[in-house]
Amino acid sequence: MSSDIILIIVIGTALAFDFTNGFHDTANVVATSISTGAARPQVAIGFAALLNFVGAFISISVAATVAKDVVDAEVITPTIVFAGLIGAIAWNLITWYFGLPSSSSHALIGGVVGSAVAAVGFDAVIAEGLVGKVLIPAVVAPVLAFLVAGLAIGISYRVVGRQRPGIVTRGYRYGQILSGGLLALAHGTNDAQKTMGIITLALIANGTLAAESDPPFWVIASAATAIALGTYSGGWRIIKTTGTRIIKMDAAQGFSAQGAGAAVILASTHFGFPLSTTHVINGGVMGSGAAKRLSAVRWGVAGNIFVAWLLTLPAAAAIGGLTYGFTRIFGTGALGPILVTLMALSLIAVAFARRARGGAPVEATGA
Amino acid sequence: MIATIVHTDELLQTIAASVVAGLGVTFLFSLAIWGAGQFVELSRGERPVAATAALVVGGFALAGVAAAIVIGILVMTSK
């Protein structure tokens, strides 16, 4: 009975993480389209939500489960997963509160690593996986997107430089709808799977599913729905940061940032090198601004984003570890997770009440 | 040791493919816009042959972009 309650809590928490992933990370995907006027805010968000939903059904390769390469799967229990998810959700909400785009995947990895270390010790961590699959890509992703977007905007301006501004702006705005759509689809495919994988692992650990089982349809559908609803709710604070606060972008820069982002993400997907969507898009936005003029990038805002990226893994790990420790005060039963869930829901309600009114849709600034 | 952890081959392939795809798609899409812009300009200047040629160039470029999008979706579905 107790394990069934923990399982239900883990599933609910995983779907809550998926929801925060939707409004947190997809904000990056649609931010440039909205800020250049390529699409109206609600249309861009609705389109991205739909493509996130569709993307979740494209592939169900649960082997892509986010934590399996960085922590020893043998030691994972539903309570460790629960504490890790709380760490990830908490960090997503903290960065959303301050309007900082950070990686939900890194938050999830950090949370699970922290809770696993708190439960078992550092032996639970696969250092090779953590460095090779998380830390190195975290450095490579923004630098690569920065360079590709910077070169791309140079090509764009050179090719269309003598054309009338009207047709150029309209053309790149149409292009942004395509590149933004591709990014949203890729995001749905990658990130909804993480939630599916975690719920499936919890079902297997509980004995509800046989080992090596594929996720049942209701898991796929609920993960797709949660990420799409999160996307549709709109992470306006992060959209403002990525779309208007890093650089004031025109349509060509928006297209270059999104096109470079889509190319980098799909190339990394093809060659099995995991990169963060958030890092890629924001690196692309900075690259398309810096290539035009270095001073066009508001480096203070970019610095805050870098700090958030550096803090994501340790902060989510600390919260995950503390959460695990707190739940164990009440033993191994369901009481600890129930209390943490109630406390988390109360904090989330307060945070939303204080900040939701400050997150109005973003106006287009691009020419 | 570092090479084992980082998977240098995957990293270099990712960088190369990202640069080629990112710059290639941007160039093709920009060429499509150039073609459309030139078509309008040349049509106004009553140069139908040159206008048609610009439109054809733009059309091929747009077809290249469409092909890249299809490849992108195939990459996602074949994961």
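Leu55(B) has 17 C-beta neighbours inside 10 Å, so it counts as partly exposed; a residue needs 20 or more to be called buried. Keep in mind that this is a predicted model. You'll find Leu55(B) in helix H3 of chain B, which covers residues 48-77. If you skip the neighbours within four places in sequence, Leu55(B) is in contact with Gly35(B) and Phe39(B). Ala32(B) is another residue to look up: 23 residues separate it from Leu55(B) in sequence, and the two C-alpha atoms are 8.2 Å apart in space.

Now step over to where the two chains meet. Here 43 residues of chain A are in contact with 31 residues of chain B. On the chain A side, helices H5 (127-160), H6 (165-205) and H9 (251-270) each supply at least two of the touching residues. H5(A) gives the largest share, 13 residues.

The crossing of H9(A) and H10(A) is right-handed. Residues that meet there include Ala257(A), Ala260(A) and Gly261(A) from H9(A), and Ile281(A), Gly284(A) and Lys292(A) from H10(A). The residues of this contact divide into seven nonpolar, eight polar and one charged.

Key: Residues numbered from 1 in each chain as written. Chains lettered and ligands numbered in written order. Predicted model: local features only at pLDDT ≥ 70, side-chain atom pairs only at ≥ 80, totals over all residues. Helix = DSSP H or I, 4+ residues; strand = E, 2+ residues; numbered from the N terminus. Buried ≥ 20, exposed ≤ 12 C-beta atoms within 10 Å, placed from the backbone. Contact = placed C-beta atoms within 7 Å. Left-handed = near helix turned anticlockwise from the far one by under 90°. Nonpolar A, V, L, I, M, F, W, Y, C, P; charged D, E, K, R; others polar.
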